[in-house]
Amino acid sequence: VDKRDKLVDDLAKIKTSGRFLLSLINDVLDISKIDSGKIELLPEPCSYDAFIDEISNLLESMCYDKGLDCVINAAPPQARAFMADKVRLNQVTLNLLSNSVKYTPSGGVVSFFVDQEIVGGETVIMHICVADNGIGMTEEFAEKVFEAFERERNSTVSGIQGTGLGMAITKNIVELMNGTISVESEKGVGSEFTVFVTLKNCEHSADVTS
């Protein structure tokens, strides 16, 4: 192997390891905040269209890099703007999407679906669904996937980097948003995560951020 090729390969491995370690540090910090009750949401006016565009662009990029197809289905908004912690809402959505991409072999499909329902004029119930036809989970593991440090122990998963904290963090953030998260999965068939979060309608606000 040419020395330059080996150097490029080594640098790529270092970069991958660096990203994993940074992810691990961030996850540990988040789970520590959750355990101590110090994680707080910082709501601000957010644009529905901007949220969809940002997440869709990131999903398309992740799927392209992995050789996956992606399906994006965003229903027309009932509220074009809502109050939410933009960083945390993106974190929840991207945690689910990156997991689907991670556990779906090349040639598979990851789907992202979003819609809204306005309740009583002031409340927006946002529904987010992430599905894939990846390796799936056993029924036993699906029941504890939202527990900290849980990863399914088998030969397929063992070679995939992960902290075992992402889903626990996601569940806690969803619950802070007065929401729920659930999963349906079948080994060798795929997984589908469903999230409902409760947000405040601010469609007529002049301070909506992109």
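Predicted model: local features only at pLDDT ≥ 70, side-chain atom pairs only at ≥ 80, totals over all residues.
Which backbone oxygen does the side chain of Thr-93 reach, and at what distance? It is the backbone oxygen of Leu-89, at 2.9 Å. Thr-93 sits in helix H3, and with a relative accessibility of 0% the residue counts as buried, because buried here means under 20%. Setting aside neighbours within four places in sequence, Thr-93 is in contact with Phe-51, Ile-55, Phe-112 and Ile-128. Several of these names will come back as we go along.

Let us step back to the whole chain for a moment. The protein chain has six helices and seven strands, and along the sequence they follow the pattern α-β-α-β-β-α-β-β-α-α-α-β-β. Of its 210 residues, 40% count as buried. If you look at contacts between residues at least 6 apart in sequence, 72% of them join residues at least 24 apart.

Now to the interior. In soluble globular proteins, nonpolar side chains tend to be buried together. In this model the largest nonpolar core holds 41 residues, and the members that touch the most others are Phe-82, Leu-89, Phe-112, Met-126, Ile-128 and Val-197. Helix H2, residues 48-66, provides the largest share of this core, with six residues. Leu-89 is the residue whose backbone oxygen is reached by the Thr-93 side chain, while Phe-112 and Ile-128 are both contacts of Thr-93.

Phe-112 is worth a visit of its own. Beyond its neighbours within four places in sequence, Phe-112 is in contact with Ile-55, Ser-56, Leu-59, Val-71, Ile-72, Asn-73, Thr-93, Leu-97, Ile-128, Cys-129 and Val-130. Among these, Ile-55 and Leu-59 belong to H2, and Thr-93 and Leu-97 to H3; these four residues also take part in the contact between the two helices.

How do the helices meet? Two packed helices are described by the angle between their axes and the distance between the axes. The axes of H2 and H3 come within 11 Å and cross at roughly 25°, which means that H2 is roughly parallel to H3. Their crossing is right-handed. From H2, the contact is made by Phe-51, Glu-54, Ile-55, Leu-58, Leu-59, Met-62, Cys-63 and Lys-66; the H3 side includes Leu-89, Thr-93, Leu-94, Leu-97 and Val-101.

H3 also packs against H6, at an angle of about 145° and with the axes 10 Å apart. In this pair, H3 passes H6 in a left-handed crossing. The contact is made by Arg-88, Gln-91, Val-92, Asn-95, Leu-96 and Asn-99 of H3, together with Gly-166, Met-167, Ile-169, Thr-170, Ile-173 and Val-174 of H6. A polar contact of 2.6 Å joins its side chain to that of Gln-91.

Follow H6 to its end and you come to Asn-178, in the loop between H6 and strand S6. Most residues other than glycine have a negative phi. Asn-178 is not a glycine, yet has a positive phi of about 55°. With 60% relative accessibility, Asn-178 counts as exposed, because exposed here means over 50%.

From Asn-178 it is 8.5 Å, C-alpha to C-alpha, to Phe-196, although the two are 18 residues apart in sequence. Phe-196 is found in strand S7, residues 190-201, and at 35% relative accessibility counts as partly exposed. Leaving aside neighbours within four places in sequence, Phe-196 is in contact with Ile-125, Met-126, His-127, Val-174, Gly-179 and Thr-180. Here Met-126 leads back to the nonpolar core, and Val-174 to the contact of H6 with H3.

One last stop is Ala-79, in the loop between strands S2 and S3. Not counting residues up to four places away in sequence, Ala-79 touches Tyr-48, Gln-116, Ile-118, Val-124, Asn-201 and Glu-203. Tyr-48 lies 31 residues away along the chain, with 7.5 Å between the two C-alpha atoms.

How values were computed. Residues numbered from 1 in each chain as written. Heavy atoms only, no water. Polar contact = N/O pair within 3.5 Å; in protein donor to acceptor, adjacent residues only side chain to side chain. Core = buried A, V, L, I, M, F, W, Y, C linked by side-chain atoms within 4.5 Å. Buried < 20%, exposed > 50% of the residue type's maximum accessible area, 1.4 Å probe, protein only. Contact = heavy atoms within 4.5 Å. Axes fitted to C-alpha atoms, helices over the stretch in contact; angles between N-to-C directions. Parallel < 35°, antiparallel > 145°, perpendicular 65-115°, else oblique. Left-handed = near helix turned anticlockwise from the far one by under 90°.
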